[in-house]
Amino acid sequence: MDPEDFFNPKLFDGEVAVVTGGASGIGLRIARALTARGAEVMITSRSIERLEAAELEIAARTGRIVSSLPCDVREADDVDRLQDFVMSRFGGASIVVNNAAANFFTPAERMTRRAFDTVVQADLYGTFAVTQAFVGHMIEQRHGNILNITIVQPERGFPGFSHSGAAKAGILSLTCSWAFEWGRHGIRVNGIAPGPVPTRGVAENMLATDSPFADDARHVPLGRLGTPEDITSAALFLLSPAASWITGVNLVVDGGLFLNPPVTDS
Ligand SMILES: CCCCCCCCC/C=C/C(=O)SCCNC(=O)CCNC(=O)[C@H](O)C(C)(C)COP(=O)(O)OP(=O)(O)OC[C@H]1O[C@@H](n2cnc3c(N)ncnc32)[C@H](O)[C@@H]1OP(=O)(O)O
Ligand SMILES: NC(=O)C1=CN([C@@H]2O[C@H](COP(=O)(O)OP(=O)(O)OC[C@H]3O[C@@H](n4cnc5c(N)ncnc54)[C@H](OP(=O)(O)O)[C@@H]3O)[C@@H](O)[C@H]2O)C=CC1
């Protein structure tokens with residue numbers, strides 16, 4: 001049985017969800033699962049081609065239509081356009097999944113300032129900007145759910161990926177600050193920290209280099225790499241009323257890898 005089948009098909013009826021980076025990998029799977037369970041879903045990413053392919057895939061799998069808009073979350077104007085689109089089409093969003101991210105392996109001493117900026121802008125700034133675009137409406141409605149996709153224990157460092165580690169640690173801090181600030185408005189803010197999931201993004205941007213993470217499966221207590229479905233089940237739980245007294249957590253979904261992380265030497 002697919003783990004997602006445990007979730008009621010009407011679980012997200014009446015919700016409007018924005019999923020950044022929703023055209024591929026983990027974001028696409030989360031977008032599809034929310035659509036299949038009744039949410040109106042808006043996916044964004046930079047590539048129109050990938051967005052169109054994702055729309056077709058979701059329609060074929062769920063029989064329902066998603067909306068899409070090209071949006072580079074690093075660009076304030078793009079985020080403003082996304083906000084305008086969602087406000088005019090749906091009146092606002094009740095769920096934001098901050099999933100868009102950029103990453104590549106680079107020892108810190110060779111990382112250019114622009115390389116650092118590229119990753120921090122996509123991950124940390126993008127999470128801030130997209131959330132801020134929709135939280136005002138959530139506060140008015142006294143209802144909202146924000147889910148940030150992070151990494152496992154970013155505060156411990158991420159050798160070879162120090163830009164991404166710093167950005168994700170920042171996102172973890174935002175998760176906690178926002179959970180505190182907006183809890184009284186009926187808004188929950190949580191994170192999911194995936195272990196290694198061999199998506200296209202990982203294959204193209206991380207394994208194509210001399211990243212030390214390529215053989216992670218050997219270190220995973222549950223004996224396998226993750227799948228987008230593994231992460232999606234956790235997302236559905238955290239976004240659902242079953243998690244109504246959970247906020248400010250960074251839920252590790254990694255087959256137990258955090259117990260036994262590979263020693264990395266960038
Ligand atoms: C199964 C086990 C799983 C093991 C995996 C376990 C750990 C996983 C943890 C986290 C995983 C993820 O986040 S996975 C998500 C990965 N997905 C993605 O990255 C998708 C999006 N990626 C991208 O868009 C691109 O790859 C990216 C480079 C980041 C952005 O592209 P842009 O066109 O905006 O930027 P560019 O102009 O190309 O580059 C900007 C600057 O960055 C530098 N730069 C770009 N690529 C570089 C590289 N490889 N090494 C050094 N530097 C690089 C350039 O030289 C530029 O700096 P200057 O030269 O100074 O100008
Ligand atoms: N896979 C893994 O092992 C792990 C993943 N994660 C996290 O999970 C999340 C999803 O990763 P995964 O599915 O593997 O990655 P993918 O690369 O497959 O997906 C990332 C998505 O983000 C989009 N994106 C990237 N940059 C931008 C941007 N500037 N503006 C808008 N969209 C952007 C990409 O689309 P486009 O190129 O069209 O813009 C793509 O759809 C990320 O937050 C990642 O850091 C964390 C730990 C492990």
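Which helices each supply at least two residues of the shell around ligand 1? In this predicted model, in which local features need pLDDT of at least 70, side-chain atom pairs count only at pLDDT 80 or more, and totals for chains, interfaces and linings use all residues, the helices in question are α4 and α6. Residues are numbered from 1 along each chain as its sequence is written, while chains are lettered from A and ligands numbered from 1 in the order in which they are written. Helices (H or I, at least four residues) and strands (E, at least two) are DSSP runs, numbered from the N terminus.

The shell around ligand 1 consists of 22 residues, of which A102, T112, R114, A115 and G201 come nearest; a residue is near a molecule or strand if its C-beta atom, placed from the backbone, lies within 6 Å of it. By class, this shell has twelve nonpolar, eight polar and two charged residues, where Ala, Val, Leu, Ile, Met, Phe, Trp, Tyr, Cys and Pro count as nonpolar, Asp, Glu, Lys and Arg as charged, and the others, Gly among them, as polar. Ligand 2 is surrounded by 30 residues, with G21, G25, R46, A101 and G201 the closest, and its shell divides into 14 nonpolar, eleven polar and five charged residues. To the shell around ligand 2, α1 (25-36) and α6 (200-205) each supply at least two residues.

G21, one of the residues closest to ligand 2, is found in the loop between β1 and α1. Because 28 C-beta neighbours lie inside 10 Å, G21 counts as buried; the term applies if 20 or more other C-beta atoms lie within 10 Å of a residue's own, whereas 12 or fewer make a residue exposed and values in between partly exposed, with C-beta atoms placed from the backbone. Leaving aside neighbours within four places in sequence, G21 is in contact (C-beta atoms, placed from the backbone, within 7 Å) with G27, S45, N99, A100 and A101. G21 and V73, although 52 residues apart in sequence, are 9.2 Å apart in space, C-alpha to C-alpha.

With neighbours within four places in sequence set aside, V41 is in contact with A17, V19, A31, L34, T35 and V66.

Helix α3 (residues 76-90) has 15 residues, which at 1.5 Å a residue should span 21 Å, and its end C-alpha atoms are 21 Å apart, in agreement; the expected span is 1.5 Å times one less than the number of residues. In α3, V79, L82, Q83 and V86 are buried. Seen down the axis of α3, these buried residues fall within an arc of 100°, so they line one face of the helix, the arc being that of the directions from the helix axis to the C-beta atoms. An α-helix has 3.6 residues a turn, so residues three or four places apart point the same way. The buried residues of α3 pack against β1 (16-20), β2 (40-45), β3 (67-70) and α4, whereas on the other side of the helix D77, D84 and S88 are exposed. G91, whose phi is positive, near 85°, follows α3.

In helix α5 (residues 162-182), 21 residues should span 30 Å at 1.5 Å a residue, and the end C-alpha atoms are 29 Å apart, which agrees. Its buried residues, including H163, K168, L172 and W178, pack against α4, β5 (144-149), β6 (187-194) and β7 (250-253).

Several loop residues can be described individually. R142, in the loop between α4 and β5, has a positive phi of about 55° although it is not a glycine, and R142 is exposed, with 10 other C-beta atoms within 10 Å. Q153, in the loop between β5 and α5, is likewise a residue other than glycine with a positive phi, near 45°, and counts as partly exposed because it has 17 C-beta neighbours inside 10 Å. G186 is found in the loop between α5 and β6 and is partly exposed, with 14 other C-beta atoms within 10 Å. Apart from neighbours within four places in sequence, G186 is in contact with R142, H143 and G144.

Terms used
Contact = placed C-beta atoms within 7 Å.
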